[in-house]
Amino acid sequence: MWFFARDPVRDFPFELNPEPPEGGPPGPWVLHRGRKKATGSAVSIFVYDVKPGAEEQTQVAKAAFKRLKTLRHPNILAYIDGLETEKCLHIVTEAVTPLGTYLKARAEAGGLKEQELSWGLHQIVKALSFLVNDCNLIHNNVCMAAVFVDKAGEWKLGGLDYMYSAQGNGGGPPSKGIPELEQYDPPELADSSSRAVKEKWSADMWRLGCLIWEVFNGSLPRATALRNPGKIPKSLVTHYCELVGANPKVRPNPARFLQNCRAPGGFMSNRFVETNLFLEEIQIKEPAEKQKFFQELSKSLDSFPEDFCRHKVLPQLLTAFEFGNAGAVVLTPLFKVGKFLSAEEYQQKIIPVVVKMFSSTDRAMRVRLLQQMEQFIQYLDEPTVNTQIFPHVTHGFLDTNPAIREQTVKSMLLLAPKLSETNLNVELLKHFARLQAKDDQGPIRCNTTVCLGKIGSYLSASTRHRVLTSAFSRATKDPFAPSRVAGVLGFAATHNLYSMDDCAHKILPVLCGLTVDPEKSVRDQAFKTIRSFLSKLESVSEDPTQLAEVEKDVHAASSPGTGGAAASWAGWAVTGVSSLTSKLIRTHPTPVPSEAAVPQRPVPEGDPAPAPAPASATPATSGHWETREEDKDAAEDSTTADRWDDEDWGSLEQEAESVLAQQDDWSAKGQGNRAGQVSHSDHKSLDSHWSSWEVEGSWDQGWQEPSSVESPPEGTRLASEYNWGGAEPSDKGDPFAALSVRPSTQPRPDPDSWGEDNWEGLEAESRQVKAELARKKREERRREMEAKRAEKKATKGPMKLGARKLD
């Protein structure tokens, strides 16, 4: 029977990469890049080949193998595995790069920042302090070649070949026999009498001074070069001079050297070092300290190295969320660090945490997730959005906190392209209908309309036809002026989704009613949009062959290709109205008014208006047609005013000016009091309630077509007659009063006339005919009653006069 000897190198669970070695510390060791066979994770492998006749060097290598295997410290090279045979020694450590190679690579990319160098030196000094003060060991080999850098930028102390005991148990320091290392020896070692008074750390602190000089000035040519600090920072020069002083007795202990450098204004007193020190002890910190740390961390991440953020800060953030109950405070720094990750890393590390966060009941976390959704939405796939995220997000539509409802609406701009047909066309629109009709916050109703206009292209053709016209028409009756503007611009943004028949019969009548709106900004946008639709109708009228081209998108399926435009529009609702909305919600919460305080619904266009009151009985107020100068000034000075046309709303007119470029910017009117000036638009959001304007559709029924004709309740006043919250009456007359009040009866138009001013059309003529018939019926009824009275009088005879009864 034959037995074959197993090759231990072949069976070793690690293997060398084929690329050339990276070098290593001066001596017999050669550093190779390697990987673990099972997982493919990167490691570093130090290889020593045993050569005949080099027994002393082999013993030094074996001693280094043993020291590295037994010493465990965060700032000392981490041992993973090892292999010792008669022919070679293999030491497997964490993946590292020699400091000299690392500094050269970073210098080509712009160089290391001073804060990075301060933390790196802090780690090396801390490792020396551990060896000298805790282990009574002298490193005896501190130099550039003995320091390594891991993937997070952390400096590690290696090169343990010539280490010996400070107590002299194992004899004196081993012989190096390498000229390159002898220049780092302190001058007292050349004193053969050995009478110099020194401490056990004196030699290593001298070598630390040599390392500091090399970090800032390059390779040390000779020992005399240490007299010139060169590029060493001024805050470090004083402490450096103590290290390279000729008297070994005055060289500080590593622990005291750290304390001196950490003093206020010292080289190691900065935010980067403090952050690292906190992260090292984060497990023993109090919850309040952790909360404060993570809140301040986000401000500092921009100045921290990318590798440090990815490999050191990110794991701590994930651990703090998973096990430390850190809550919402980790979100901002977490997403900042996420920018440094690749798409694959983001999917593995960030997305599972995000999905779990959406199921949290913490309101602060939900708001921050919604606010920062733009940073991670591209990494979410559609199944994850529809099954794990959207069901939790929809709870925000029903939240009692207005800020959460607002952010939930805005998040739909980003989620809509990834939603399934049922979630988008049924579930989402059900919530939108309820918010637009019943929410007590005007800005939220406005944002709902804006969002619907921006996601309209994603809806199915049947849903668009059923919902858009009715929803935007409802918005034009909202007492909150920006909501009415949103309805008008919603029509403009989705102009390509309507048939010519809908444009003529459904949209233009609604827009024409807004030409006499109390707000000038609403009237301006109404006129512009009317001109756009009219030009579209006119072009088709002139050339009917264009109808198919104009209506090509009406019955088309949802068009995800327009997602780019929708994403660009998203900037308005996310950044523009958020400040306006939050300010209105925070400073002027809309109370639920009593029924008596609710303004009456305006008279529908198809119904006759009541007789107008005398002009003297209803004076014009600041809430009527005139535009006050102070409102203009407030609009110009507004910091939260955002113009809708800053985003691509798909205007139909090539030469159209910017929307709301006039001085009457609607968003400025929703900011409340400014220097004692009261905007009447803000009063409307306070004194008006949407429930009185609610049409037939509810959140259960979705958006339905409004009824064509509805009799106004008794006592109904026109919108132009209602005081919309104006502070004081104005002495000026109403220049549009004649336009807003229609007479109860009008002369019948000439049937042969095609006058351009006949705006009432067949509908007005029909009303006049009905009124005439009613008048005739009343006349006939009066005559019948008179005839009946005459008959009764004839049958009973003459009436007898009664005699007055005397007392």
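How do the residues of the lining of the second largest cavity divide into nonpolar, polar and charged? They divide into 8 nonpolar, 1 polar and 4 charged. (Ala, Val, Leu, Ile, Met, Phe, Trp, Tyr, Cys and Pro count as nonpolar, Asp, Glu, Lys and Arg as charged, and the others, Gly among them, as polar.)

This is a predicted model, where local features need pLDDT of at least 70, side-chain atom pairs count only at pLDDT 80 or more, and totals for chains, interfaces and linings use all residues. Residues are numbered from 1 along each chain as its sequence is written, and side-chain values use heavy atoms, with hydrogens and water left out.

**Cavities**
- The whole structure holds 9 cavities of 30 Å³ or more. (On a 1 Å grid over the protein atoms alone, a cavity is a set of points where a 1.4 Å probe fits but cannot get out; lining residues have an atom within 4 Å of a point. A volume is the space filled by probe spheres set on the points, which are joined across faces, edges and corners.)
- The largest cavity has a volume of about 120 Å³.
- Its lining has 12 residues, and Trp29, Leu68, Gly159, Leu160 and Asp161 lie nearest its centre.
- The second largest cavity holds about 90 Å³ of space.
- Of its 13 lining residues, Glu116, Ala152, Gly153, Phe272 and Pro305 lie nearest the centre.
- Helices α3, α4 (114–134) and α11 (306–323) each give two or more residues to this lining. (Helices, H or I with at least four residues, and strands, E with at least two, are DSSP runs numbered from the N terminus.)

**The open sheet**
- Three strands form an open sheet in the order β6-β8-β9, with antiparallel pairing. (Two strands pair if DSSP finds at least two bridges between them.)
- β6 (96–98) and β9 (155–157) stand at the edges with a single partner strand each, so one side of each has no neighbour in the sheet.
- β8 (residues 147–150) and β9 share 3 bridges, and Val147 has Leu157 as its bridge partner.
- Helix α3 (residues 99–108) packs on this sheet and touches β6, β8 and β9. (Contact means heavy atoms within 4.5 Å.)

**Around β3**
- Strand β3 (residues 42–49) is largely enclosed by the rest of the structure, because 6 of its 8 residues are buried. (Buried means under 20% relative accessible area, with a 1.4 Å probe and protein chains only.)
- β2 (residues 30–36) pairs with β3 in the antiparallel sense over 6 bridges.
- β3 also runs antiparallel to β5 (residues 88–94), joined by 7 bridges.

How values were computed. Axes are lines fitted to C-alpha atoms, for helices over the stretch in contact, and angles run from 0 to 180 degrees between N-to-C directions. Buried means under 20% relative accessible area, exposed over 50%, partly exposed in between (1.4 Å probe, protein chains only). On a 1 Å grid over the protein atoms alone, a cavity is a set of points where a 1.4 Å probe fits but cannot get out, and a pocket is an open set with protein on both sides within 12 Å along at least five of seven lines; lining residues have an atom within 4 Å of a point.
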